[in-house]
Amino acid sequence: MDAAEQCRPAVQALVARILRRRRDDPDVEDCTHETFRRALEHPERLRSGEPQQPWLLGIARHVALDALRAEYRRRVREAPAPRDDNAEPLVERVADPRPGPERLLAQRERAAVLRRALGTLPESQREALVLFHLEELDYQQIAQKLGVPVGTVGTWVLRGRQALGKQLREALGQGADRGDS
Amino acid sequence: MIHEVLDEESLWTDDGHASELVLSALGDGQDTLVPTRVSEHVDSCARCTERLSEIAMLAFSLDERLLELGAESETEATWPVAGATPAMPSRPFPLRPFALSLLVATVGLMPRLLGEGGVAARLLGLEHGGFSWLRSARLFVPLLLERERAFVMAICLTTTLLACLGGWLLARSAELPKETLT
């Protein structure tokens with residue numbers, strides 16, 4: 001058996017834990033295949049003498065996190081809008097892909113809650129979150145911009161998220177941070 | 001460019017697992033900040049990968065919402081400020097220009113108001129013996145109070161209620177978000 005194939009169970013296990021699925025789930029299988037595809041495509045990235053399994057697991061972590069993010073986005077986009085019995089029939093809405101008024105209202109409500117929650121964060125945490133999520137800077141760039149150590153940036157991002165997540169859960173219900181709303 | 005890494009004391013929890021800071025950094029794709037031995041532990045530890053998944057999910061959900069909010073704020077060109085009420089952009093009433101324009105208008109009207117046969121004279125009934133409406137009121141009000149006390153009370157009560165309702169609506173409108181008013 002090929003050395004890489006010997007790592008397959010460990011790769012599957014890691015992907016399954018990150019995706020929170022069974023090992024035989026098709027998404028876990030897809031991510032496992034993608035991991036090996038990337039490894040085969042760039043074998044030069046494995047430094048000579050370095051063991052293969054940690055390298056493959058590192059790739060698998062990235063692949064699984066990408067898949068988790070894609071799945072989260074898909075769930076958010078496909079989440080049903082709040083039901084309105086007086087709304088026009090589904091057939092009449094099919095032609096217009098724009099979000100309906102109920103969804104817009106829900107979005108605005110969430111945005112208002114988030115804006116209030118952001119307003120309660122310490123300036124440093126808010127700034128770190130905005131720079132990371134909206135300006136798309138990495139920790140290192142944020143640290144340089146704000147003149148603080150990179151570990152401090154990581155702490156601000158982590159604490160800021162935890163505080164926002166808590167406030168959103170309290171304001172919008174338990175499904176708030178899982179995209180169930 | 002020299003990449004920093006996270007401080008040694010921030011890498012592990014007391015029970016030998018990766019810290020939340022490490023998991024958050026890995027979830028954000030900031031692998032270069034995490035020493036290889038720590039990321040290798042995460043990849044082979046069930047508890048750490050499950051926690052990584054939870055932390056990453058929170059980051060994804062906030063990322064979506066912040067992007068939503070960012071798109072909305074671009075159109076409104078306002079960003080949240082600590083301690084501020086986020087509902088309406090503050091536009092102070094232009095009191096000075098308003099007062100000045102009232103003053104100019106009043107000065108301009110003076111000759112018309114106070115001149116002989118002017119509006120003020122006509123309103124106050126000065127042309128017909130002065131303050132005739134005041135004399136009528138002095139006769140009419142006691143008569144009304146004496147004969148129709150309940151009616152007068154009802155008018156007073158209604159006026160008070162309307163004034164209170166108006167005040168409440170004004171106060172409420174100041175609290176409503178901008179989009180509710182448009």
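1. Among the contacts within chain A that link residues at least 6 apart in sequence, 57% join residues at least 24 apart, a contact being a pair of C-beta atoms, placed from the backbone, that lie within 7 Å. This is a predicted model, in which local features need pLDDT of at least 70 and side-chain atom pairs count only at pLDDT 80 or more, while totals for chains, interfaces and linings use all residues. Residues are numbered from 1 along each chain as its sequence is written, and chains are lettered from A and ligands numbered from 1 in the order in which they are written.

2. Chain A has nine helices and zero strands, where helices (H or I, at least four residues) and strands (E, at least two) are DSSP runs numbered from the N terminus. Buried residues account for 29% of the 181 residues in chain A; a residue is buried if 20 or more other C-beta atoms lie within 10 Å of its own, exposed if 12 or fewer, and partly exposed in between.

3. The buried residues of H6(A) are Leu114(A), Ala117(A) and Leu118(A). Seen down the axis of H6(A), these buried residues fall within an arc of 100°, so they line one face of the helix; the arc is that of the directions from the helix axis to the C-beta atoms.

4. The 23 residues of H9(A) should span 33 Å, and the end C-alpha atoms of this helix are 32 Å apart, which agrees. The buried residues of H9(A) include Val153(A), Trp156(A), Val157(A), Arg161(A) and Leu168(A).

5. Helix H7 of chain A (residues 123–133) contains His133(A), and Glu123(A) is also placed in H7 of chain A. His133(A) counts as buried because it has 22 C-beta neighbours inside 10 Å, whereas Glu123(A), with 10 such neighbours, counts as exposed.

6. Between the chains, 44 residues of chain A are in contact with 45 residues of chain B. The residues on the chain A side divide into 20 nonpolar, 10 polar and 14 charged, with Ala, Val, Leu, Ile, Met, Phe, Trp, Tyr, Cys and Pro counted as nonpolar, Asp, Glu, Lys and Arg as charged, and the others, Gly among them, as polar. Beyond residues up to four places away in sequence, His133(A) touches Leu62(B), Asp63(B), Leu66(B) and Leu67(B).

7. The largest nonpolar core has 57 residues, and those with the most contacts inside it are Val15(A), Ala60(A), Ala64(A) and Val22(B); such a core is a set of buried Ala, Val, Leu, Ile, Met, Phe, Trp, Tyr and Cys residues joined through C-beta atoms within 7 Å. Helix H3 of chain B (residues 46–76) gives the most to this core, with 11 residues.

8. On confidence, the predictor gives the complex an ipTM of 0.80 and a pTM of 0.62. Chain B averages a pLDDT of 78, with 72% of the residues scoring at least 70, pLDDT being the predictor's confidence in each residue, from 0 to 100. Over residues 81–87 of chain B the pLDDT is below 50, although this stretch has 12 contacts in the model beyond near neighbours in sequence. Where pLDDT is low, the predicted coordinates should not be read in detail.

Note on methods: Contact = placed C-beta atoms within 7 Å. Expected span 1.5 Å × (residues − 1).
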